Amino acid sequence: MTLFTPTASWKLDEHQMFADMAGRFLDDELVPNIDTWIQNGVVDRAFWQKAGAAGIMGGSIPEEYGGSGGGMGFDSVALYEQARRGDAGWGYAIQSIVTHYITAYGSEEQKQNWLPKLASGEMVGAIAMTEPGTGSDLQAVRTTAEKDGNHYKINGSKIFITNGQTADLIIVVAKTDKSLGAKGVSLIALETDGAEGFRRGRNLKKLGMKANDTAELFFEDVKVPMTNLIGPEEGQGFYQLMKQLPWERLTIGIGALGMIDFAIEQTVKYTQERTAFGQRVMDFQNTRFKLAECKTKAELLRSFVNDGIARLEDGTLDATFASMAKYWGSQTQNEVMHECLQLFGGYGFMMEYPIARLYADARVQMIYGGTNEVMKEL
C-alpha cells in the first residue's frame, strides 16, 4: 500500500524515490526497535541522528539550512511511511511542526541556528501549547513571558507535551500581555540545555503511544533571550498558531491512513492463516465483508488526504479542510482498528500482536491536535 492515489496531482517522481528510501531506512532502523522503545518509554537519540543522516527529516527544509529544499509533500511521505509500519512512537510529526514554525516565522539567525540541527537530529523539537485546565482552548493559556532587561522571564506549566522528555528546543506558547487575550499570545523558543528554572516532570503513563515520551513541563523564572521571540513582534502567536495548525491536523489524517493500511495488511494475513470450525477465518463471509468495508474507508481517506496534501503544496489548505481531515481520519482510524481487532478474536487483546497496540495508539488521535468536537465547530 502507498500514500499516493493514481490521480495525486502533487506527486512527483522524487516523492516516490523518497518514499522508497524512507521505507527501506525505517524497515532497517525503526521496525526492529519498536518493542524496545515501548519498554523504555522513549525513542533512542541515536535513531534521531540516523534519521537525520539519511535525510528523512530535511525534505522540506531549504537547502541553505541543511535540508533538501523540497515541499511539504516530503514530510507527508515520511509521516505516512512511519505510520505504515505501525509506529506511533517516534515524534517526527512534532519535529516537522516545529521546523515549519521556524521556517515560516523565524529570523535569519534563528533559521541558521536551529534548522540544520533539527534536520540532522542533533536537536529534538517540541511545542508547548496545552496547559492543565485549558485543553484545546489556546486563548486561555496562563503561562506568561514578561520582559526582564533583554530577556523574557517565563513562568507557568504545560502538560501532555510530545517529545517533552527529550526536546532540546521547545516553542512555548505564552502570554506576553495578559490584558489582550488572544492578541497577547506570543511564541518563544527555549533551548533547554542549561536553562535555569526549567524542569521536566515524569514521563507520563499513557493508554497508547508508549514509546513516545510525553511530559509535563514547568517554568519558574526561566530566562530566554528576547531574540528567541518567533516573529518580528509580540502578540503574533495566536495568528501563527492558526496558520500552522492546519498542517498539524493534516499530519493526524496522514498518520491515520498509514496505521489503517498497516492494520488491514496485518488482519488480512492473520485471517488467511487462522482457522476456525474447519475453515480459514477469511473464508467466512462476515470477515470478507468487514475487510471490504475497512478497505473502502481507507481508499476514501486516501483520496481526501491526497487532496489535502495538494492544497498544502499550493498554499490553499485552510482550517476547515484540515479540521475535516483530522476529524474524519482519526474517526475512521478508530473504526477500522475496532473491526480489525475483532477479527483477531482473543489474540487481538494480546499485546504480542501489533493490532492491540494500534488499537490503543489510535484513541488519542481523536483528542490531540484539537478534539474532534472542536474540529466539527471549526
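On a 1 Å grid over the protein atoms alone, a cavity is a set of points where a 1.4 Å probe fits but cannot get out, and a lining residue has an atom within 4 Å of a point. By that definition, the structure holds two cavities of 30 Å³ or more. This is a predicted model, in which local features need pLDDT of at least 70 and side-chain atom pairs count only at pLDDT 80 or more, while totals for chains, interfaces and linings use all residues. Residues are numbered from 1 along each chain as its sequence is written, and side-chain values use heavy atoms, with hydrogens and water left out.

**Cavities**

- The largest cavity has a volume of about 100 Å³, where a volume is the space filled by probe spheres set on the grid points, which are joined across faces, edges and corners.
- Of the 14 residues that line the largest cavity, Ile 38, Met 209, Lys 210, Arg 357 and Asp 361 are the closest to its centre.
- Helix H2 (34-40) and helix H10 (354-362) are the elements that give two or more residues to this lining; helices (H or I, at least four residues) and strands (E, at least two) are DSSP runs, numbered from the N terminus.
- H10 gives the most to the lining of the largest cavity, with three residues.
- The lining of the largest cavity divides into eight nonpolar, two polar and four charged residues. Here Ala, Val, Leu, Ile, Met, Phe, Trp, Tyr, Cys and Pro count as nonpolar, Asp, Glu, Lys and Arg as charged, and the others, Gly among them, as polar.
- The second largest cavity has a volume of about 40 Å³, and the residues that line it include Met 57, Asp 75, Tyr 92 and Leu 118.
- Helix H5 (residues 92-105) gives the most to the lining of the second largest cavity, with four residues.
- By class, the second largest cavity is lined by four nonpolar, four polar and one charged residues.

**The second largest pocket**

- A pocket is an open set of points with protein on both sides within 12 Å along at least five of seven lines. The second largest pocket has a volume of about 360 Å³.
- Its lining consists of 15 residues, and Lys 243, Gln 244, Leu 312, Gly 315 and Leu 317 lie nearest its centre.
- Helix H7 (237-273) and helix H8 (285-314) each supply at least two residues of this lining, and H7 gives the most, with five residues.
- Seven nonpolar, four polar and four charged residues make up the lining of the second largest pocket.

**Helix H1**

- The 17 residues of helix H1 (residues 13-29) should span 24 Å at 1.5 Å a residue, and the end C-alpha atoms of H1 are 24 Å apart, which agrees. The expected span is 1.5 Å times one less than the number of residues.
- The buried residues of H1 are His 15, Phe 18, Ala 19, Ala 22, Gly 23, Phe 25 and Leu 26. They cover an arc of only 170° around the axis, which puts them on the same side of H1. Buried means under 20% relative accessible area, exposed over 50%, and partly exposed in between (1.4 Å probe, protein chains only); the arc is that of the directions from the helix axis to the C-beta atoms.
- An α-helix has 3.6 residues a turn, so residues three or four places apart point the same way.
- Asp 13, Met 17, Arg 24 and Asp 28 are exposed residues on the face of H1 turned away from its buried side.
- The buried residues of H1 pack against helix H3 (45-53), helix H4 (72-84) and H8, where contact means heavy atoms within 4.5 Å.

**Helix H3**

- Phe 47, Trp 48, Ala 51 and Gly 52 are the buried residues of H3. Seen down the axis of H3, they fall within an arc of 140°, so they line one face of the helix.
- The buried residues of H3 pack against H1, H2, H5 and helix H6 (108-120).
- Just after H3, Gly 55 takes a positive phi of about 85°.

**Individual residues**

- Most residues other than glycine have a negative phi.
- Asn 163 has a positive phi near 65° and lies in the loop between strand S3 (151-162) and strand S4 (169-175). At 0% relative accessibility, Asn 163 counts as buried.
- Asp 221, in strand S7 (residues 214-225), has a positive phi of about 55° although it is not a glycine. At 41% relative accessibility, Asp 221 counts as partly exposed.
- Gln 240 lies in helix H7 and counts as buried at 2% relative accessibility.
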